[in-house]
Structure formats: C-alpha cells, structure tokens
Amino acid sequence: MQFSGRRRKVITSPQVELYGQALQFYGQPPLENMSLSEFESFAVDRLKLLKTIENLGVSYVKLSDDYKRKLDNESRNLNFPYRPDAVPDDRKSQVGPSEYEKRRKDHISHFILRLAYCQTEDLRRWFIQQEVDLFRYRFNGLQPKQKVEFLHKNNLQYDTISVEEKKTLQDKLVNSSHNVSGITVEDQDFYKVPFQDALDLVRTRKVYLKAGYVYIPHQDIVAIVLNDFRTRLSKALALTARSLPAVHSDERLQPLLNHLSHAYVGQDYSIQKNVGKISLEQIDSLSVKSFPLCMRQLHQALRDSHHLRHGGRMQYGLFLKGIGLSLEQALQFWRSEFIRGKVDADKFDKAYAYGIRHMFGKEGKRADYTPYSCMKVILSNLPSQGDHHGCPFRHSDPELLKQKLQFYKVSPSGISQILELVKGMHYQLACQKYFELTHSIEEASFSLNHPNQYFIESQRVLGGGKDIKREVGTPQRSQENSAARGSTTDREAAAAANAAKDLPEMTEDLDSFFQDA
Amino acid sequence: MPSSGYDAACLPDLLPLYYRRLFPFAQYHRWLNYGGVQKNYFQNREFSFTLKDDIYVRYQSFSTQTELEKEMLKMNPYKIDVGAIYSHRPNQHNTVKSGTFQALEKELVFDIDMTDYDDVRSCCSAAEICSKCWTLMTIAVHILDRALRDDFGFQHLLWVYSGRRGVHCWVCDEAARKLSVAARSAVAEYLSLVKGGDETVKKVVLTDPLHPFIRESLAVVERYFPQYALHEQEILSRKESVDKVLALVPEDVRKELQQDFKNEMKPESRWKLVQDQASRKQATAKKGQHFEKEIMLQYCYPRLDVNVSKGVNHLLKSPFSVHPKTGRISVPMDLEELDTFDPLAVPTISLICEELDRPRAAGGGEESEDVKEKENEKDAAERRKIRVTSSVSLRENLQSFRLQFPPEINKTKREKRENPGGLKRRRIGQNAQDNVSRTQTDYKRTSLAKYVKYFDQFLDGLALSWKGELLKKSDLEKDF
C-alpha cells in the first residue's frame, strides 16, 4: 500500500480520519502492510524516545521547561509529533515528513512495542510508565479547546455538581488543592468522579475527597485522562500477551521483538559473571572502596544491628548476588551476621534462609530476580521507620547525608556540590559525584544507573583499567536462568557494549546491532 | 486480671478445645461467605495455617463451613491467616495452568504496629505495650475510621486487636474488595503522613493549603495530645526528649525556645510557648510554618505499612485467631468503647478454656438453638424470601415457596424435637448445600461472648448490603 505522504484537504481517505487528532488513546491497531525495515526502524526510534523520557524523568521535574524543551528536541529528531498543529497545513514548506506521517509512525511504533513489552510484569510496568509520561507531555501541549474535544471524543463523561453544592463545599475545595481558588470554584465546573478513576490525585492528596468521590475542576481533568489511558493500556497489554504465540511463530519478528525488550534496560546484572570470585572477608573493605552509598549504608546497618528488614535484605541481597556472591556464600554471610544478633541458627534457617534462596531463584516460582537499578531504588518501596534501604541521596535528610559524607571523609567542597545536585533532584548525578570524589577522578566515564554498575566501574578504576569486555568472552557459568532468553551471548554482547556508555552512544550501538542482525 | 497465667507450652492442649467448643465458626463462615451473592466466594478463599514447629502451609481452602471445622480440628493451627479470593480453589492451584491462577478480590486491610512508633514512645519498645502508649492505637483507629468512612465512603469496617502490639482493619465493602493494587496503594498513601526511616529526622512536612483530611486528623490528635504526649510520654520534660522535639522546629525558633525553656519547666507551658512561636511564624505568612502541627503528627499520627494494604494476595492474621506468644485472642473491637479498650484485658485462650469449666453464670435454662437462630440459615432463608417476594402473582408465590422450601429447616426442627436443649450434636457428612452444621454457644459463658456479640452486630450490618445485591440479581435474572 502506497501513501503519498501529502495530505490533501479535498480527499478524505479513512487514514486521514484516523490521524485527524494529534493525540490518541491507541484504541485501534494499524491495519496496513509495511516493509520489515520500516517496521524495525519505527520500533527502534520509539524505543529511543521512551528511553529519553525515562532519563529525563529522573533528572528533571516532569513538564518543567527544561524537560519539555529536551523532549521537544528528541521528538523532532526522531520524527515524532512534537507539537500538535492547530491546523494541518501542508502548504508550509516542510523538509521532513508531514504531520500525518509523524502521527502514523507514532501509531504504528506504539503497537509494535506493545508486542515486545507485553510479556512480563516488569516489561509491562516500564512500558506503561513511559507511555503515560509521553501522553502527559503531549496532552499538556494541547490547547484547552483541543483538550475538551479530546475528552468528548473519548467518552469521558462525568457529572458536574450543582452551584449550591459548590458553595457549600467552597472552603474545602479551595483548601484541597494549590490551584483551586475561590474564583476557580465560582467560574469552573466541578466534576464528581469516583475515586478509583482519579488515583493519582488521591495518592498525592491533591483533591477534595468525600464519600468515595473526588471533586475536580475542569482544568485538572488531565489526571483523570492519564489514569484512563494507563488502565486501557494495561488491559490491552494483557490481551496482547495472549496473542503472542501467534506473533512469535513469524520468524522474522521474533528475534527483533526479543532484542527490543532486552535492550530497554541495558545491562541488568542478572547474569552472574564472577560467581565465587569475591570472598566474604573482602566484603567489609569492598563496602568502603567500591560500594555505592546506598549499599555501604545497608552493609553498615547490617554490621551494626546484625539485622536488616525485608526491604533492606532485598536491595542489598540482590546487589551482592550481582557482584558475584554464590548462594552458599550468601547464606553463610547473612547467617553469620544474624546469629550475632537476636536470631538463633534455627530461626534463621526457618525464617530467613528461604528468602535468600528465593532471591537466587531456588524457591517459589523460581524467578531469577534481578538486582535493583537506581530507578527502582529511588522510586519504589519508600523506607520507613527502622528501614535503611532506598537511595541516601533521595531518602536521607540533607543534614544527615552531610554528616555521613563528612564521616566518610568527603571534602567540604565536594559535599556542597553533592548537596546542590540533591536539591535539584539529580540523585544519580549526586551519586556519580560521590564516585568521582571517592575515587579521586575528574569525571566518571559512565552514566550511572545501577548500583552494580557503580561496583564494576569502581573495581575497574581501582584495578587499573581491567577491561570489562574481557569478561564477556568467558563462558556462561551461571545456571540460574529461568526466563527463556533468545541468544544469551548476543544479548550479553549488546548489554556489555551498552554498559559503560551514555544514552546517545548506547542507542547508536543498538542501531548498529540491529543492522548486523 | 484475666490472663490466667498463659503458657505457650499449653497451646497443643488448649487449641483443640478452643476450636471444638469456642471458635465462632458459624459467624466466621457467615462473614466470609458474604451471603452467597458471588459463586464460590468462600470456596475460592485462601487460608494459611502455621502449625506446630513453625510449619507453614499455604493455599488451604474449604468447600463448606463443616469442612473448615473438620480441617481446623485436625490440623490444630497455631496461627490462621486469611488471604484473597482466587480464580480457582486454592487447594487445587497446582492443577491450574500456570498464569491463570490469580488473586481476584480481597478486603482492603490495614495493619498498625506499635513497633513502627519506637522512635516516638518512651515507655516501651519493640513488642511491649502498655496503657500509656496504647493511646497511639486509639488515635490511629479514630483517624482512619473517620477517613475511610467520610472520605472514601466505606461503611463496613471491622477493627480487630492483633493479639499483641497492634490493630488491624478489614474493610469489607464490595467496592473495597474489588479494588486494584494501584487503588489500594493510592488509598494507603492518601492516609500516610509520616514518611521516612531512621535516616530522616523530620518525618512530617506540611505545606499550605492544609488539606481537609489533615485538618480532620489534627482535630483528633489535638484531643489526645496534651494528656498523651505532654503528660504520659513526657516529651517536653526530660532533656533528651526535649531535644528531639526541638529538632523538628526551624533553627531560629529552636534557639529561642531553648532559652525560654530554661525558665519554664512545666510541659504544658512549654508547649504553649511552642504554639505561640508557631502562630507568630504563620502570621508573617512565611511558607509552611506549621511546625507545631508537624510535631503533633510526628508523635501521634498513625503509621501504616503500605505494603500490607497494597497487595490483593497479602495474607493477614485472622480475627479470632490466637496469638501464640501472648495467648490472646484476636478480637473485634467495638468502636463505641474504643477509648476504654484495654489490650491487656483481652481474654487469653487459657482464660476462656478455664471459664468453660466453671458452672454457668446467671441466665440459666437450656441453651436452645431458638435463642440465636443459625445465621447461615437466616441468610439462606432471606435468599428464598427475596425470590418469593419478587414474583408477580400470589399463586406463583405459593408454589415456588413450597418447591424451594428446604429440607434443612425441616430437619433441624426435627432435631429440636428429638433433642430439646441437649448437647449439640455434630452434623458430619452433610451435603455441600448445608452450611449449617451446628451453632456453638459455649462461647457465651466465657469472656469471648461480648466480642462475638459485637461481631454479630457487624455481620448484621454487612448482611444488609448483600440483601440489596440479591434483590438486584433476582430482579435481573427474573428468577422467582
């Protein structure tokens, strides 16, 4: 099927109707034939876009000016829609593809990535998160009139409350949210929405909640829309997963989809490369020299109280697995430490050993759990009273963090640099700065996104540049793979190549990798 | 003091007696069956048992109340946990294709544990509790109960004492049982104000405007704060505690207060000084100078474990389960008497077993089934009545009524004739329809009685909701 790529207002083919709006819920899958190379390139481009979104989301406040500008750039570079044109005008001289083509690319690439990312809970969660962020950015860019149009077109009808009710609730409505003033209450319609449809607003307590309903001014309806988008996408992915066997039977697609889903995380340190290379006696000194601050903190807390709570055991235990502790070593390590505390040998074997074996994929559903990335440590499972896990740059009081860094002999100027970064919410950059200061190097050659990456880089610096690539050649020793992976050595090669590079370089490698395959 | 010298070593002997004669199976089944509105609701529910020697078994499930009783008597669990309602019978989950066996519904639950407050209570730590720190639980229940009802619109809340150091809440509304993981997590976060671990000094930060939820919660805390925090916990009396409190105020205010405190020893007056400082800061319209509120909340506001509430498949200790370390029964709490609830007065298993042997107190006479009609039978009868009253013609009424009149009711009438006021006979081997094996009323002469009575009231309220559902269903199906 050939498309001319130029939209003529006179001719209205069905496809033009389909892409009449800049933003869509991706309700209908594309129904056309396309070449395999276009298929691949669309998918890879969207993946790059989503990766950008992920990284920007950690380094910048979402929808801040910097964030929007960078995302605009990336969208433009990758030929995705980046600003909905009020009036599609192909008489503007456009050097690149038209708005129509961008929307088509957007539509198709979304559905291709669904195929790649529906398979496991983790993949789905990641994909949904980035797609929701992308949607938020685009919806935010619509004009108010276009927003209303979008709502109506997508059947989000909620009831408004009467003027009397608004008056009675006025104070409460104003006090529930920053951007609701007395004037807002007077001028705008307020919608009564069941709380299950507005979870983000409920979670952050940014809305008035009464008897199970939230009261939302028209201007804030975006949170509802996002929630709706998220739910629809989640259901769609579940459905997609069921039809996957049919897709996989097409041999042209299977390798591509596999590579796409494995590429998102780069190196995930789930394959143990150095099993048994680290002895338990080394851990104390390693924790000072080569552990990132979060793991050093956990190790210290473990040594001090001879105990860690569940969140800490998971985060630290998986990290240790990632640096190469074997199951036997891990059991010995935890056991000997816990016994020094209030736990006797029996109780340890009963209550804690199971958990450790579970981490190594020896119990339960035998899933081989991967060590937590920085993203995961920062964003999920907030520490509470009695916990020591999480990211110290994110979760510690700045005062306490400062004291800790002083205690670890970081220079005062270094400390203030770190605190500046923390204030700007650049937690991974702060950790990177900590790396630079503790290893006395000017600038780290990598972009930090995983505690195990920190460890490997640290060992590399301290070992005088022993190349990580050499380890890729050694034959696979780990027996603990559970999920079916395509060709593990290919993946490892790609992953290792990605490990120590920045985003632009990484995606370029991805590209060249696809071309070779 | 009704703890009657509980000794964990006696559990193997006490438990069989407890399960045979005291555990309120009929009420328990009435609860978890939810009126039979949804098919297989009870049958697909997961239970887990902790047996002697810490053996833990999951994925237990039962077809009927009778089967549940039989198994519990056989296995003699030290602890019982209740989990989710699954897509298939949990005890058959291995036969189901992997991926299709899923947790579908469960009550929304909350777990408040006293150890989470260790940094702000001075009287006890870890597993200990006393009347001074129990106030924290009272405050927690008041705040959460109000929020779950007024803000979220839930109506059927069962608060249960955990048996040692905390309370649980089971939200049993249908809407609550159907909540997704994301929704549960959102509810729990809405209710969370105290954030941060050991590394965080200031765990509560308030910004303008103050959400109505925060205002309502503060109103509760303020009622208890002077007596609880100033008087009993003495947070403004000893130097270390004072320092901890002052660590939560802005630096300039701290210096002033440290000065002022030198001349003022009385905690109530010291607190007044703190409040005055706060009013002064707020009057200057500076951003978020709510430190006096932040202090009150950090010391008193409920601390939830979000992870307990998030998971649909999370297993939580069952009401009426025994706590093996203290021997206390996990009893439902009557909120009308919340402020006088004394966890140390909750009956232990040894006490109530002992009470069984004592001669019956006043109110003698035979205990007949007439006194408390079998709840399950009542519900079954309700179902039939609904079918009957929905039909159009009277003649049809009569006919269908007769046709559906169950054999069970006839049987039990016969049993009454044959066995007036005698011992309850176990009805083993009934068919699956019969979920009315027998009513245990022995609990009535023990200290357990008032808690079961309260549970009954809760269930009556809950039953109204599924009566509505049954009516709707029968109308839709035109099933007369």
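What follows is a chat about a predicted model, covering strands, a helix pair and some backbone details.

Reader: Let's start with chain A: how many helices and strands does it have?
Author: In this predicted model, chain A has 26 helices and 4 strands. Of its 517 residues, 47% count as buried.

Reader: And what share of the chain A contacts with a separation of 6 or more comes from residues 24 or more positions apart?
Author: Those residues account for 69% of the contacts in that group.

Reader: Which residues sit on which face of β1(B)?
Author: B:Arg45, B:Phe47 and B:Phe49 lie on one side, while B:Glu46, B:Ser48 and B:Thr50 lie on the other, and all of them are buried, which leaves both faces covered. In a regular strand, side chains alternate between the two faces of the sheet.

Reader: Which strand does β1(B) pair with over 5 bridges?
Author: That is β3(B), residues 79–86, and the pairing is antiparallel; within it, B:Phe49 stands opposite B:Ile80. β1(B) is also joined by 3 bridges to β2(B), residues 56–60, again running antiparallel, and there B:Thr50 has B:Tyr56 as its bridge partner.

Reader: What about the hairpin of β1(B) and β2(B), which residue takes a positive phi there?
Author: It is B:Asp53, with phi near 60°, in a hairpin that has 5 residues between the strands.

Reader: Where in chain A is there a positive phi in a residue other than glycine?
Author: A:Arg205 has a phi near 55° and is placed in the loop between α9 (199–203) and β3 (208–210) of chain A. A:Asn381 also has a phi near 55°, in the loop between α18 (374–379) and α19 (392–395) of chain A. Most residues other than glycine have a negative phi.

Reader: Is A:Arg205 buried or exposed?
Author: A:Arg205 is buried, since its relative accessible area is 14% and the cut-off for buried is under 20%. A:Asn381, with a relative accessible area of 36%, is partly exposed.

Reader: Switching to peptide bonds, which residues does a cis bond join in chain B?
Author: The cis bond joins B:Asp208 and B:Pro209, with omega about -10°, and B:Pro209 lies in the loop between α6 (181–190) and α7 (212–232) of chain B.

Reader: Now the helices: at what angle do α2 and α17 of chain B pack?
Author: α2(B), residues 25–33, and α17(B), residues 449–477, pack at about 30°, with their axes 10 Å apart. Angles under 35 degrees count as roughly parallel, and these two helices are therefore roughly parallel to each other. Their crossing is left-handed.

Reader: Last one: what is the strand order in the open sheet of 3 strands in chain B?
Author: The order is β5-β7-β6, with antiparallel pairing. β5 (108–113) and β6 (157–161) are the edge strands, each pairing on one side only, and neighbouring strands are turned by 15° against each other on average, direction ignored. β5(B) and β7(B), residues 166–171, are joined by 6 bridges, with B:Phe110 standing opposite B:Cys169.

How values were computed. Residues numbered from 1 in each chain as written. Chains lettered and ligands numbered in written order. Predicted model: local features only at pLDDT ≥ 70, side-chain atom pairs only at ≥ 80, totals over all residues. Heavy atoms only, no water. Pairing = 2+ DSSP bridges. Axes fitted to C-alpha atoms, helices over the stretch in contact; angles between N-to-C directions. Parallel < 35°, antiparallel > 145°, perpendicular 65-115°, else oblique. Left-handed = near helix turned anticlockwise from the far one by under 90°. Buried < 20%, exposed > 50% of the residue type's maximum accessible area, 1.4 Å probe, protein only. Contact = heavy atoms within 4.5 Å.
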